[in-house]
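Here is a walk through a protein fold for someone seeing it for the first time. Take a look at the picture, and then we'll go from the overall form down to single side chains.

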Amino acid sequence: MKLATWNVNSVRQRQHLILDWLERHKPDVLMMQEIKCETAQFPAQAFAEAGYQCAVVGQKSYNGVATLVRGAFEVCTDHLPGFDNPAARYVEVRTQGLTLGNLYLPNGNSGGAEGYATKLAFFDALAARARELLRTDTNFIFAGDYNVCPKPEDCAPGALGPDDALVRPETRAAYNRLLWLGLTDALRALQPSGKAYTFWDYQAGAWDRDSGLRIDHALLSPAVAERLLTATPDKAERACERPSDHVPLIITLQDTPQATA
């Protein structure tokens, strides 16, 4: 089973890039963030013609998440339980025996103290959701743009200041709390150290200088982690014409005979 998460930074602007990527990689599931359109404006028909049905939670001009699935699926929830902010930041589906939480975590650098508190509140709700799914022995993945560099090596030297919300100690502690619950960072399970960036800013020649960040993650519940085969950022996608500033993170899992929608 192949899954990917990708902050596409406007699905309508990058639609041709996304469709081309889907044709080349043929994932079973693609979880997209920052689609930047209302649900009714999402190009669902174009993706249906490519073989994908979608679960979309949109919002005008900002935020928004969409999960594309080949085959049968059901929507579990169109919001993160316990997170009362109205922004479109979470959709959860179930397919092939897996529950997939597609998330776009607040950046936390805007809105002052309240904006940062919203970031931590999302983490709190995500941890609570993880505990509930673990309690019920649900096989799940939380994937998306977490807006956190978990460790110093996940941020290129000089790319962010020490007070940036993506690297503040409270942010990293909130991310680590998910790992302490028993979740596995898919990429670091297979590549324990070293550069593996998923984001390069459009400014200051960040791509040319390889001044990137690792902020897009896939966290796996214990039984799913046992099936993990690969986890790789598709860095080449950043070199396309007018790309997103993020690249897809692709993970593959060993198939299970009993996997059902």
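Before anything else, a word about cover: a residue is called buried when its relative accessible area is under 20%, exposed when that figure is over 50%, and partly exposed in between. Keep in mind, too, that what you're looking at is a predicted model.

Let's start with the whole chain. Its secondary structure comes to six helices and 14 strands. For 261 residues, a compact globule would have a radius of gyration near 18 Å, and the 17 Å of this chain agrees with that. If you box in the C-alpha atoms along the principal axes, you get roughly 45 × 45 × 35 Å. Of the 261 residues, 54% count as buried. Take the contacts between residues at least 6 apart in sequence, and 69% of them join residues at least 24 apart.

Now for the charges. There are 26 positive and 31 negative side chains, and the centres of these two sets lie 2 Å apart. Side chains of opposite charge can pair when their charged atoms come close. How many salt bridges does a search of the whole structure find? The count is 15.

One of them joins the side chains of Asp124 and Arg177, at 2.7 Å from N to O. Asp124 sits in helix H3 (residues 112-135) and Arg177 in helix H4 (residues 169-180), so this pair ties together parts that are 53 residues apart in sequence. Are the two partners buried or out in the open? Asp124 has 41% relative accessibility, so it counts as partly exposed. Arg177 has a relative accessible area of 28%, so it is partly exposed as well.

Stay with H3 for another pair. Arg135 forms a salt bridge with Glu132, and their closest N and O atoms are 2.8 Å apart. Both residues lie in helix H3, three residues apart, which is about one turn of the helix. Arg135 is exposed, at 60% relative accessible area, while Glu132 is partly exposed at 31%.

Then there's Glu170, whose side chain meets that of Arg168 in a salt bridge of 3.5 Å, N to O. Glu170 is partly exposed at 37%, and Arg168 is partly exposed at 27%. Elsewhere, salt bridges link up into a network made of Glu153, Asp154, Asp185, Arg188 and Arg214.

What about a charged side chain without such a partner? Asp234 is buried yet has no salt bridge; Arg24, the nearest side chain of opposite charge, is 5.0 Å away. You'll find Asp234 in the loop between strand S13 (228-233) and strand S14 (249-253). Setting aside neighbours within four places in sequence, Asp234 is in contact with Trp21, His25, Val247, Pro248 and Ile250.

Finally, have a look at Cys155, in the loop between strand S8 (140-145) and H4. Cys155 has a relative accessible area of 12%, so it is buried. Which residues does Cys155 touch, not counting those up to four places away in sequence? They are Cys149, Leu160, Tyr197, Gly212 and Leu213. Take Tyr197 from that list: Cys155 and Tyr197 are 42 residues apart along the chain, and their C-alpha atoms are separated by 7.9 Å.

Key: Residues are numbered from 1 along each chain as its sequence is written. This is a predicted model: local features need pLDDT of at least 70, side-chain atom pairs count only at pLDDT 80 or more; totals for chains, interfaces and linings use all residues. Side-chain values use heavy atoms; hydrogens and water are left out. Helices (H or I, at least four residues) and strands (E, at least two) are DSSP runs, numbered from the N terminus. Buried means under 20% relative accessible area, exposed over 50%, partly exposed in between (1.4 Å probe, protein chains only). Lys and Arg count as positive and Asp and Glu as negative; His and the chain ends are not counted. A salt bridge is a side-chain nitrogen of Lys or Arg within 4 Å of a carboxyl oxygen of Asp or Glu. Contact means heavy atoms within 4.5 Å. The radius of gyration is taken over C-alpha atoms; the globule rule is 2.2 Å times the number of residues to the power 0.38. The place of a charge is taken as NZ of Lys, CZ of Arg, CG of Asp or CD of Glu.
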